[in-house]
Amino acid sequence: MAYRSRLAHICSSSAGRLGCLQRSGNTDALSSFRRLYSWWSSVQPAPRDPILGVTSAYLADTHPSKVNVGVGAYRNDEGKPVVLQCVREAERRIAGRELMEYLPMGGSAKFCELAVGLAYGEDAQALKDKRVASVQALSGTGAVRLFAEFIKRFQPESSAYLPVPTWSNHHNIFRDANVNQNTYRYYLASTRGLDFEGLKEDLKAAPNRSVILLHACAHNPTGVDPTPDQWKEISKLMKEKEHFPIFDMAYQGFASGDTQRDNQAIRIFLEDGHQLACAQSFAKSMGLYGQRIGCLSVVCADAAEAAAVKSQLEFIARPMYSSPPLHGSLIVTTILSDAALKELWYKEVKDMADRIIGMRTDLKKNLEDLGSKHNWEHITKQIGMFCYSGLTPEQVDRMTQEFHVYMTRNGRISMAGVTSGNVKYLANAINEVTKV
Amino acid sequence: MWLQEGKPYVLKVVREAEQRLIRDGSRNKEYLSITGIPAFNKLSAKLILGEDSPAIHEKRVCTAQCLSGTGSLRVGAEFLAKHYPQKVIYIPTPTWGNHPKVFTLGGLQVKSYRYYDPKTRGLDYEGLLDDLRAAPSDAVVLLHACAHNPTGVDPTREQWEGIRQIIRSKNMLPFFDSAYQGFASGSLDEDAHAVRLFAADGGECLIAQSYAKNMGLYGERVGALSIVCASESVATRVDSQLKLVIRPMYSNPPIHGAAIVATVLGDRGLYQEWTVELKAMADRIIRMRHLLYEALRARGTPGNWEHIIKQIGMFTFTGLTKEQVNFMTKEYHVYMTSDGRISMAGLSSRTVPHLANAIHAAVTKRV
């Protein structure tokens, strides 16, 4: 399509010339012109998020037997997402009443109080002493990010140590907060269990006063947790090294079905006198994924210090998003402050945990029934939402390409996506790709 | 009397949208994608850029749902710090108190350009142009789309065109903060004029939208960052990079508020009702401005108070000094920020006389 050259040669400034090209209607010339003058010509396409990208790929697949065991979001036995009854009831009570006012920068104080009571146990001495600083955060991600920024500001000399492996986004968070990060051994492939000796060696070797990220329960992605005795040893070792523990707790209640069993590690550390931090998420345990509701708490020396720390955390939140969203905090507060709703929640979270434990048993049994020569014990030994299957990236690719089973390439299977309807199909797919 | 922030007013359409969402048993609380609800993003881009925006038709706009205005600004700042060659942003003097931190912590260097002229209580247009002329080419320029916060002073249409020409001729990148669309003049299109003026010339820009005020969704943190790009392929790449900024910040945005907005914007009846409610809110504020102005004139308060009716939006930069403000707080229990800014939204016909008395006293007592 020829354009009116009379106009094109007159205009001189880039803005003017662009206007001329627009008027001329020559879309090809317009396109190349724009590419030349775009601010973003050097912007490369970013890699897809290894976890969230799985679900988009799954959604795009039209195969009737497709299975999504990628992202860690709970599904019922029909494979459908679940909104808990206690949540629906809480929402009914809230609707029409909230004024939608801004929360303070640190979020709802009532929510924080209830959240930390749940995390540390109602009878925790630190709570009674009022020396826990807490702020409402954007679920687990937001809580860890606030913590990372806080460390950067107030303990810039300390490096963060993350377990190998860990949730992939942990690395992104500490990197974007400009905190120096290292790793410590955690998962032992040969046993598909905890590399306890390696863990202890690495924590001993780390410089004193390092920041250690610990998964409070239901380690993501491996499902491998230390035993209570192992936790006690880790706690003592960390005390000797003066390391700072930051617990990422995204599955309280979801792992064993018992909220006060799942926070055991934290209670052990508190008893040993650690000053620790906890990044809590209500995404899975209350099914509030999209509401982005979590809490970052930091145990301090005394009430005055806690007040100072809280104010600094708020100071970090303000230029990030001003204040956290209201709705999720109202739901959690309503549930946790009503005895009957709280009981209902306990029951519902136990049901979810039990269904997953049941699926673990079924998956293992199906693999054995198919005559698989491999050892699948880890499926039932591991705990929480995920199973670290041991599948290699190539085997995972076959799972997706040949069987339309979507999972992350590290071999992590979200057991929450397994149902009585698809467990046989899944077992068959795993058996096929792992056949010797 | 609390004049620091207006008390939130919950819109009827919002309540209606909320009810529809609650009643809809098919809805769940799953994670949104990193950039949020697609329908919300499309509707937001349309709202600010206009139904017939060529940029939208040519698929050159990428939009991400973010945490209100603050979140949109912060994500935009971090994106620029990562990908834009000239990491400096020029912000007006004065501006919203949180702007400098948002950009600094986002990784940009912050500089300023003249904006408010205390002598005229209006725009220092020549100062603004001079400062932009003197700024380095390619710099990012923060522009308040309408109802400048805190002064309420907006450029005229002619002045916007002058600003656009300088910015485009120096290849600068405009970053719009749009927190009051519809709330300022009562007309969504009118309040989007400046943004659309820039988008129409084919150049690139960033736009941070907030639904805190115009939908009264303050606490739900609903907003959108749109980046108008030169071509569709650029927009696709930019969208993928935005995700890398957001994921380590909070993974994905909160559902509730955005679902309400999408419901309102996507339903013709609710949208209509919304425009009516918006106009009523804007008109009420304009009426308060006139009431206050008349009240001061009636009292013969010395000075020129025309700026009260010339300025636009939620705030008025009265020109009162820190000492006068202190006096008003002590003697008349009037609470306002020490820079003399009052929130007109906090006024009612019942309370205007008291405020007028307080101002009159502060000014005549030569505090």
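These questions and answers cover a predicted model with chains A and B.

Biologist: How many residues of chain B are in contact with chain A?
Modeller: Chain A brings 65 residues to the contact.

Biologist: Which three residues supply more of the area that chain A buries against chain B than any other three?
Modeller: The area buried between chain A and chain B is about 5,900 Å². Carbon and sulfur atoms give 56% of that area. Of the part that chain A buries, 17% comes from Trp39(A), Trp40(A) and Met100(A).

Biologist: What area do domain 1 and domain 2 of chain A bury between them?
Modeller: Domain 1 of chain A covers 52-82 + 353-433, and domain 2 covers 103-337. Their centres, taken over C-alpha atoms, are 28 Å apart. Contact involves 19 residues of domain 1 of chain A and 18 residues of domain 2 of chain A. Carbon and sulfur atoms hold 61% of the buried area, which is about 1,500 Å².

Biologist: Are helix 6 and helix 7 of chain B roughly parallel or roughly antiparallel?
Modeller: Helix 6 (residues 125-134) and helix 7 (residues 157-169) of chain B have axes 10 Å apart. The angle between them is about 10°. Angles under 35 degrees count as roughly parallel. Therefore helix 6 of chain B and helix 7 of chain B are roughly parallel.

Biologist: How many residues of that contact between helix 6 and helix 7 of chain B are nonpolar?
Modeller: Helix 6 of chain B contributes residues including Leu128(B), Leu129(B) and Leu132(B). Among those from helix 7 of chain B are Ile163(B), Ile166(B) and Ile167(B). The contact has 2 polar residues and 2 charged ones, and the nonpolar count is 7.

Biologist: Which residue does a cis peptide bond join to Pro221(A)?
Modeller: Pro221(A) lies in the loop between strand 7 (211-215) and helix 11 (228-240) of chain A. Omega of the cis bond is about 20°. The partner is Asn220(A).

Biologist: Is Ser68(B) buried or exposed?
Modeller: Ser68(B) belongs to helix 4 (residues 68-83) of chain B. Its phi is near 60°, a positive value in a residue other than glycine. The cut-off for buried is under 20% relative accessible area. Ser68(B) has 2%, so Ser68(B) is buried.

Biologist: What is the relative accessibility of Ser251(B)?
Modeller: Ser251(B) sits in the loop between helix 10 (232-250) and helix 11 (255-266) of chain B. Phi of Ser251(B) is positive, near 70°. Ser251(B) counts as buried, at a relative accessibility of 3%.

Note on methods: Residues are numbered from 1 along each chain as its sequence is written. Chains are lettered from A and ligands numbered from 1 in the order in which they are written. This is a predicted model: local features need pLDDT of at least 70, side-chain atom pairs count only at pLDDT 80 or more; totals for chains, interfaces and linings use all residues. Side-chain values use heavy atoms; hydrogens and water are left out. Axes are lines fitted to C-alpha atoms, for helices over the stretch in contact, and angles run from 0 to 180 degrees between N-to-C directions. Helices (H or I, at least four residues) and strands (E, at least two) are DSSP runs, numbered from the N terminus. Angles under 35 degrees count as roughly parallel, over 145 as roughly antiparallel, 65 to 115 as roughly perpendicular and the rest as oblique. Contact means heavy atoms within 4.5 Å. Ala, Val, Leu, Ile, Met, Phe, Trp, Tyr, Cys and Pro count as nonpolar, Asp, Glu, Lys and Arg as charged, and the others, Gly among them, as polar. Domain bounds come from an automatic or database domain assignment. Buried area is the accessible area (1.4 Å probe) that two parts lose on being put together, summed over both. Buried means under 20% relative accessible area, exposed over 50%, partly exposed in between (1.4 Å probe, protein chains only).
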